[in-house]
Amino acid sequence: MKNLTRAITLAASILSTTSLHAGEVVVYAAHGDDVTGAILDAFRARHTDIDVTLVVGKTGDMFQRIKAEAGNPAADMMWGGSIQSYEVFADLFAPFENENEASMAFVDPDHKWQAFTVFAQPLMVNTDLVDEANYPSTVAEVLDRKWDDLGGVVLADPNDSGTGHTIVSGLAGGMGWDFTTELIKRVRPTPGSDPMFTAVRDGEAALGWVNEDLGAKWEAEGLPVKMIYPTDGLTVQVDAYGLVAGGPNPEDARKLMAFIGSTEGQILAVEVVKRRSPRSNVPPPGELPALASLPLFPEVEPRSVIKAKFTDIRSQ
Amino acid sequence: MTNFDTRRASEPVSVEMSSVAVRFGELLALKSVDLTVRPGELFTLLGPSGCGKTTLLRSIAGFNCLAEGHIRFNGRNVDQLQPWNRNIGFVFQNYALWPTKTIFENVAYGLRMRKVPRDEIVRRVAGVLDLVELGEVASQYPGQLSGGMQQRAALARAVVIDPPLLLLDEPLSNLDAKLRVTLRRGIREMLVRLGLTAIYVTHDQEEALDISDRIAVMNRGRVAQVGTPREIYDQPDSSFVADFVGKANFIEGRVVGKSFVTRTGTRLDVPLRLACEASNVRCAFIRPEDIEIRSDARSQLRGTVEGTSYFGSFFQHRIALEGGQKLFVQTRTHLDLGRVTGMQIPHLTGYPELPPSQD
Amino acid sequence: MTDIWKWFATFCLVGATLLIVVPQAWIVAASFRQAGGQFTLHRDADRLEVVRADLKRFGPVAETTGAARLLRDEDELTLTVLPNQRLSIDLEGTPFVESLGTNRLRIVNGGFDFRVEQQAVRRIHLGAFAQSTDGSRKTVQPLVAKVVPGGVVISHAETAYLTFVDGRTNWSIQNFRGFLSTSHYMEAVRNSIVITVAATSVATLLAVPLAWLLARYTFPYRTLVVTMVTMASVSPPFLGAYSWRMLLGSSGIITNVLGMEWSILGLHGVIWVVVWLIYPLIFLTTLDSFSGLDPTLRESAQSLGASRLRAFLNVEIPSCLPGIITGAYLAALTAFSDFGTPFIISLDLTVLPTLIYSEFLSEVGGDPSVASTASVVMLALATGLLTLQRLLLVARSFASVTSRQSFLERPSVPVRTLAAFLSVLMLGMAFVPHVTVGVTSFLEWRVGTVTGNFTLQNYAGMFRTELASIFVSLSTAGAATALSLLFGTSIAYIIVRKRYRILSPALNAVVMLPLIIPGTVFAIGYILVFNDGPIILTGTWLILTLAYFIRKLPFAVKTSEAVLYQIHPAMEEAAVSLGATPDKVFRQIVVPMMVAGAVTGSTLVFLRSVTELSATILLFRPPWRPMSAVIFEQTISPGSNFGVAAALSVLMMAILYVPLFLLTRRRQKLEVAQL
């Protein structure tokens, strides 16, 4: 009899999902502990009654998981991923408005996403492959033939990456399609932004673009990379978060989302994670130049156009 | 000394096959076979590979489905009986001993399936292992035994269940020549002692002649001839049987009156046995040991010795006749190569066709 | 006539259909659904331009500055510029419009189901401490539609791009035509085939000789080598492939020491890494075959004057082909479906799995019809491989396993040298990832790169992670292994021995499918079926177990099959003639003889379940978080602390390898006892 009871308990526990008691938030995150840890610790200290459960995975995986689960959502919140991703999957998200949106550099008019951090995307050279005399100072120099001999240029494929889209859309708007077409023909496209970053770091390519927070960390560690903010223009990428539509614990999720956007959360993002806040009243980490001092290329053409043109040019 | 009970628990059965046909896809492996095996008889299916003998044996065991016809044990139709309910002993060509079980466990398996009490199993297995002289190795695994021992273990496994019918599929073909001769006498004696019906498949005609009560020679899915070993050897019904069993000479020619005239015109006035209408005869058959070498007036054929093989107890010569035909002749004495010699043919059997050429 | 096996085969086929075909049917269906097409218009003042690059199925028939006419098959669409950022669209019937947000709306009529999205220049509001690009903070004019007689009028933002996507789909084989005529996709097919063929060939040429040497000769470290190859059949998830890049990349450790101008990245490197990943599969099945081979076959060839080498080539290789073919087949499918290696060991090499991944799981929205079409193409190629394997196997007669066991010979000096060379080379290469991860777990990692400083901090960090994940991994993989042992051996038996006209080939094909369905695609199928409706399993312990069981079942089936092909059917008929019913024959005769294959298969299932990552990531939910997910979390971004992941990988390997080592030792003892 005792064994039977035990068996039933075991069977039940095997079949059970997380017991969804009150005060729990399920977060699907595209970031690891290095980005979310400090902010979550601060949140937990403040809301001891709320359990935060993290499920970590690659950005595309997590959005597809939310999409597949849409009939019976398990997640309350998605944390991480470019705003382009949130716009593609806008139907999966419910509006959430931060109280301090007025100070945000980027705002979704439908409030499906909230900006978490922003980063400029300067050029990055591998210093083992490129000596200082050859460092580019402008994006225009990327077309120089010398890069073929030095190790080549990598660019994240906009078909696979929000970062790639932002860069190509920005360059096309800022430098024109003649320049951009030539550029796309020249580069090696990587299937995502991480492969582009690591290709330059590992010396597989001489030149690429990087998210400035990562580039700054690598430079500080003495890795053979050097970030260069081109004088003719560069793009800005927004890392966002959003409220999953129909999630099981919307109230507690809103508390966490508000905390991430709050001054306290944003200061943690700047000081611990070393990222730039989208809020104008939270200054960037000391080592990064002020956004306003940079010539920024905004995103002009939409995703489908950028993807189609990129594919077209590559297959010529 | 054996305590194996040779008094049969179940009486030997008769096996009747009527119009049995077996089909493998497009291939008709057996075409309308009719045979009756009498109770207690050691019956051999003999034939070249591919003749259907193993197929017939497996059909009796129930491993093949019949396309047509029926098989009866003691008059009882077994077509619908599953192989595991037929109560048959089967000895496989490659023994099929289970490598993961000891000899004892292998032999005991059939008794376990029959839910025989444990102590009786031990007694009966010990008895049968003594009978085949394997009592010493009961606890060993098949892999540790020689080929001959494995063969006897396989036999013990098949007979320990007291089957009314034992089927043996070329059980000696994997063994060396000397061991084959010893073991086949052993099998014969054991089967006679156990008094069960046994059907034995072999392609070795010498083995078949040695051990069988009766033999069915098979060819291309049909029974060519059924008879005792002597009938099969001495009075083959067809040139195929004559050729397959033992060594045979075939002389091409026709029957003219009461004589046989060879293709080159030599007339042989000898007693003729005919397997068909005289007018249909196309060749005549004589065994090598029946031809006599002689140079006197009674010699009927002349030829040149082309080659000689020595078999210990006799010589076998290849002699070329005029016109190129070759005869095999056995003698006790040596003949020099190239010698021209006369031969006497004591009798001939006429067939309508030459045997199918064999490779 | 009741045949218990037929019932069981039917049960298995129904189960496999529900757990494999049904969840994945959407892929096949999607590959035959042609998307409705799309186009993008650029509105700049009074000009209306059709963006040529972004036309799918729609083609412009006439374009004036103020209007555009587009044609899709028979359907024609006219859009005309109106003042004040408005656009009129001629539509038949009574259109229905719905707003989906500021920049999105839906327009539906009898022929179209458009989702329209506008994009104006994205503003960057630099607020108080800076100027925005155009100096002011304006809100974007929303996209609004109004039904008017004869169509719809939409008003939109200034200088906007308007993308129209028709959501209606129809049955068509157009996806396949498009796929086959697109050079980029065909290049992925070609790369996949090149990698599969090259890696499998090289791996076979290496693995078969080593397996033969170890099956025939006695060596001092024979058991150890066999155990270690089994261990090498899994490599630490994620960090495994990365190790090669750390060592042999452009500025890899070895490349730098040797001062080479060379990088492992590229097609050559992918083949190289895949070879060391897959050869253990060939080695293990081949070793089972060689060990089980009737020694008289070889002895008779040698008695006829064949040299050792000739006997090997003319007798042993042909007799053991079932094992070799099975191993090569499993290896080829593993190479064919490998996603991680081409992703990490190349910059821009596209193969079918990476193509499918990027189209299904692109963070910027992929093209599911391309992904599903590529999946079906992959399925077709793998089915071709399966057919080839079946044809090759059926053409072989059953190699007989007699009861005689071959004893191991003493090797001569050249043989010993060759064996030592091969063992060292192949184990060395296979363990490069393990050793690299092991070494770096004791080194300090900073923002995703390893330094030269010794530290134990990674292990300290490891103990702060969720170590309950060890229990989750072991219990799910253990249960999956038990299930696959039970079903793997019996399904192999149905396929090899029972040969039901429809059931056996159907079961064979269905059961092998999960091997070529990418893990993420597989997991999406499971979520679609088990997240909703009558059976809700997502986020449970059971769904991980089920996923591991189904995804790794092919290994259990195929290894059991290889052994079965070598067990002569007479072994079973002997039992039948002695009165054993078919179920008893299977349990008492076949199963004990299949143990060798089953142990190999179960080991593979267990090792591969614990290290499974791609499906896990989509299916797990705390508290059922397995080790592979915990490791992955530590490597999620290029700035992560990989050191903890390395330490966790070492822990995972230790947990896997200790029992494996003991198991192999025990098996070896059993073999000795039977001699």
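Q: Which chains do not touch, and how far apart are their nearest C-alpha atoms?
A: The model discussed here is predicted. Contact requires heavy atoms within 4.5 Å. Chain A and chain B do not touch, and the distance between their nearest C-alpha atoms is 34 Å.

Q: Of the 2 pairs of chains in contact, which chains share the most contacts?
A: Chain C has 25 residues in contact with 28 residues of chain B. With chain A, 79 residues of chain C are in contact with 88 residues of chain A. Of the 2 pairs in contact, the one that shares the most contacts is that of chains A and C.

Q: What area is buried between chain C and chain A?
A: The size of an interface is often expressed as the accessible area lost when the parts come together. Carbon and sulfur atoms give 55% of the area between chain C and chain A. The area buried between these chains is about 7,300 Å².

Q: In chain C, which residues lose the most area to chain A?
A: The area buried between chain C and chain A is about 7,300 Å². On the side of chain C, three residues together account for 12% of what that side buries. These residues are Arg122(C), Leu347(C) and Glu363(C).

Q: How many salt bridges does the rule find across the interface of chain C and chain A?
A: The rule asks for a side-chain nitrogen of Lys or Arg within 4 Å of a carboxyl oxygen of Asp or Glu. Asp348(C) and Arg188(A) form a salt bridge, with their closest N and O atoms 3.2 Å apart. Across the interface of chain C and chain A, the number of salt bridges found is 7.

Q: By class, how many residues on the side of chain C that touches chain A are nonpolar, polar and charged?
A: Between chain C and chain A, 30 residue pairs are in polar contact, both residues being at pLDDT 80 or more. By class, the side of chain C that touches chain A has 37 nonpolar, 27 polar and 15 charged residues.

Q: Which element gives the most to the side of chain C that touches chain B?
A: Chain C and chain B bury about 2,500 Å² between them, and 61% of this lies on carbon and sulfur atoms. The rule finds 5 residue pairs in polar contact across this interface, both residues being at pLDDT 80 or more. The elements of chain C that give two or more residues to this side are α21 (570-577) and α22 (582-610). With 7 residues, the element that gives the most is α21(C).

Q: Which residue of β5(C) does Thr64(C) stand opposite?
A: A second open sheet of chain C has 6 antiparallel strands in the order β4-β5-β6-β7-β12-β11. The edge strands are β4 (59-64) and β11 (144-148). β4(C) pairs with β5(C) (residues 67-72) in the antiparallel sense over 5 bridges. Opposite Thr64(C) stands Ala67(C).

Q: At what angle do helix α9 and helix α10 of chain C pack?
A: Two packed helices are described by the angle between their axes and the distance between the axes. The axes of α9 (residues 308-319) and α10 (residues 321-337) of chain C are 5 Å apart. The contact involves Ile317(C), Pro318(C) and Ser319(C) of α9(C), and Leu321(C), Pro322(C) and Ile324(C) of α10(C). The angle between these helices is about 65°.

Note on methods: Residues numbered from 1 in each chain as written. Chains lettered and ligands numbered in written order. Predicted model: local features only at pLDDT ≥ 70, side-chain atom pairs only at ≥ 80, totals over all residues. Heavy atoms only, no water. Buried area = accessible area lost by both parts, 1.4 Å probe. Polar contact = N/O pair within 3.5 Å; in protein donor to acceptor, adjacent residues only side chain to side chain. Nonpolar A, V, L, I, M, F, W, Y, C, P; charged D, E, K, R; others polar. Axes fitted to C-alpha atoms, helices over the stretch in contact; angles between N-to-C directions. Helix = DSSP H or I, 4+ residues; strand = E, 2+ residues; numbered from the N terminus. Pairing = 2+ DSSP bridges.
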